[in-house]
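Here are my notes on the model you sent over.

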Amino acid sequence: MKKLDLKRRKLLSRALALGALTALPACDYDDPAHPDLADRFLHAMSSWNDRVQAALFSRHTLAPTFSASQITNPPRFNAFYDISQAPVVDPATYQLELSGQIQETAPLSLAQLRAMKQESQITRLICVEGWRVIGQWSGVPLADFLKRVGADTTCKYVSFKCADGYYSSIDMPSALHPQTILALDFLGAPLTPPFGAPMRLRIPTKLGFKNPKSVMSLSVGNIYTGGYWEDQGYNWFSGS
Amino acid sequence: MPASINDASSAPRNQSESGRPSRARPIHPWPLRLMHWLNAFAIVMMVGSGWQIYNASPLFNFTFPPLVTIGGWLGAGIAWHLAFLWLLVANGLAYLIWGNLSGHFKRKLWPISPRAVRRDIGAALRFKLPHRQGTYNAVQRLLYTGVIIAGIVVVLSGLGIWKPVQLWLITDALGGYVVARYVHFFAMAAIVTFVAIHILLVALVPKVLPPMIFGGKLKATES
């Protein structure tokens, strides 16, 4: 409590310094466990922006596609760790775990995922930082996948957990978008470890950090599970 | 002069303030003052947080020093930016609607003739352009109209960057996602340049500041 008061006083003094253009550097979600006044305001506005984006979203509006000559090669690595730290998952023993409101929760091997109908796309990945790359991914459309495993698509969320401790979640309408795929290949070859092997979510209607790599488990439900960056302050919906 | 002719076309004061003695019109009516300061606050927040976002992936060979950015890191910068977006847009729309309905734009910003602009720029550079309270000279009209356009462009390009899939029409009209980022940057630069000139001129002619806070009164000869 004392800490909260202190931070509030800090906020006030920062707010008073607004005219000097040194405004509010303290309001940086620096302590998610103890949200200050600014954090609460930003949180409320971020939820509002989630709702606005959900209303703007149309499953019939497709992300732009590009020609093969526009592909960014080599691709750009980006994660919350260095490329040398990227997890290596053994594709032979890989099993995608399923949980939540799903009828067939038996884990799926890569061979089983590859046996499903695949779809290829050349789309743009826009990073929350502002840069963008264009790549060719192919894999299983998530809508087909959810139908096949008997997921309850009236649920609100699809959540993902990754081999590197990363996690994220998306809204069901975006999960059912025709361009949302469980990607297995990049440029016609299996994904490599730093770029999400053996399976990553590819969702061109959302920012890059909503495309979790090396997905180990998938769950469907109505409980909000947030995400690695989302819990630190990035907007949850982050739709493009 | 033009101002007095147009003033006569607005609603007769005696009717609108029935019963009360007619008072001098303020230089800046209260809706304008309110919107001006809300806009100033929104611009500071949007520019500061926008610079924070810019620093995550700079378009040019420089970044903004942390002292003038808002948020401290990218996530907070985006959060501030997308929060104050709504104040900027709601206040800007209110201003455009009010400016049209009240006749403010017609009275104060229009017309802008190239000849008058040339004349007034010449006078300004020779420090011979007098400030007339309640009316804008041609240079002011040009700058104020220009910054309104820059404001519209900055909002549209911002939306085009934020939602290049759902609002693809805007993004495409601006030349695509990558170009829209540059458009957004230069519209910001135009607004910041305007603000710098604006504050400099207020510093040179400080008597214009109180009317933007308290309203002020137009001199009888002008009403």
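How many bridges join strand 5 of chain A to strand 10 of chain A, and do these strands run parallel or antiparallel? Keep in mind as you look that this is a predicted model.

1. **The strand 5 and strand 10 pairing.** Strand 5 (residues 157-162) and strand 10 (residues 215-221) of chain A run antiparallel, and six bridges join them. Another pair to look for is A:Ser159, which stands opposite A:Ser219 in strand 10 of chain A.

2. **The other partner of strand 10.** Strand 1 of chain A pairs with strand 10 of chain A as well, this time in the parallel sense and over four bridges. Here the bridge partner of A:Leu98 is A:Leu218, in strand 10. In general, strands of a sheet pair through backbone hydrogen bonds, and can do so either parallel or antiparallel.

3. **The whole sheet.** Put together, five strands of chain A form an open sheet with mixed pairing, in the order 2-1-10-5-6. Strand 2 (108-109) and strand 6 (167-171) of chain A are at the edges; each has a single partner strand, so one side of each has no neighbour in the sheet. As for strand 10 of chain A, five of its seven residues are buried, so the rest of the structure largely encloses it.

4. A:Ser169 has its place in strand 6 of chain A. Is A:Ser169 buried or exposed? A:Ser169 counts as buried, because it has 22 C-beta neighbours inside 10 Å and the cut-off for buried is 20 or more. Beyond its close sequence neighbours (up to four places away), A:Ser169 touches A:Tyr157, A:Val158, A:Ser159 and A:Phe160, along with A:Thr225, A:Gly226 and A:Gly227. A:Phe237 is 68 residues from A:Ser169 in sequence, yet their C-alpha atoms are 8.9 Å apart in space.

5. **A:Val89, in a loop.** Have a look at A:Val89, in the loop between helix 2 and strand 1 (95-100) of chain A. With 21 other C-beta atoms within 10 Å, A:Val89 is buried. Leaving aside neighbours within four places in sequence, A:Val89 is in contact with A:Tyr94, A:Ala163, A:Ala197, A:Pro198 and A:Ser214. A:Val89 and A:Met199 are 110 residues apart in sequence, but 9.8 Å apart in space from C-alpha to C-alpha.

6. **Chain A overall.** The secondary structure of chain A comes to five helices and 10 strands. Of its 240 residues, 39% count as buried. Among contacts in chain A between residues at least 6 apart in sequence, 69% join residues at least 24 apart.

7. **Where the chains meet.** On to the interface: 27 residues of chain B are in contact with 34 residues of chain A. Helix 3, helix 4 and helix 9 of chain B each supply at least two residues of the side that touches chain A. Helix 4 of chain B gives the most, with eight residues. By type, the chain B side divides into 19 nonpolar, six polar and two charged residues.

8. **The cores.** The largest nonpolar core has 36 residues, and B:Met46, B:Ala79, B:Trp80, B:Ala83 and B:Phe84 have the most contacts inside it. Both chains contribute: helix 2 (37-56) and strand 3 (119-126) of chain A are among the elements that each supply at least two residues, as are helix 3 (30-56) and helix 7 (138-162) of chain B. The largest share, 10 residues, comes from helix 4 of chain B.

9. **Helix 9 of chain B.** At 1.5 Å a residue, the 28 residues of helix 9 of chain B should span 40 Å, and the end C-alpha atoms are 41 Å apart, which agrees. Its buried residues include B:Tyr177, B:Arg181, B:His184 and B:Met188. Strand 3 and strand 4 (132-141) of chain A are among the elements that cover the buried residues of this helix, and so is helix 8 (168-173) of chain B.

Conventions:
Residues are numbered from 1 along each chain as its sequence is written. Chains are lettered from A and ligands numbered from 1 in the order in which they are written. This is a predicted model: local features need pLDDT of at least 70, side-chain atom pairs count only at pLDDT 80 or more; totals for chains, interfaces and linings use all residues. A nonpolar core is a set of buried Ala, Val, Leu, Ile, Met, Phe, Trp, Tyr and Cys residues joined through C-beta atoms within 7 Å. A residue is buried if 20 or more other C-beta atoms lie within 10 Å of its own, exposed if 12 or fewer, and partly exposed in between; C-beta atoms are placed from the backbone. Two residues are in contact if their C-beta atoms, placed from the backbone, lie within 7 Å. Ala, Val, Leu, Ile, Met, Phe, Trp, Tyr, Cys and Pro count as nonpolar, Asp, Glu, Lys and Arg as charged, and the others, Gly among them, as polar. Two strands pair if DSSP finds at least two bridges between them. The expected span of a helix is 1.5 Å times one less than its number of residues.
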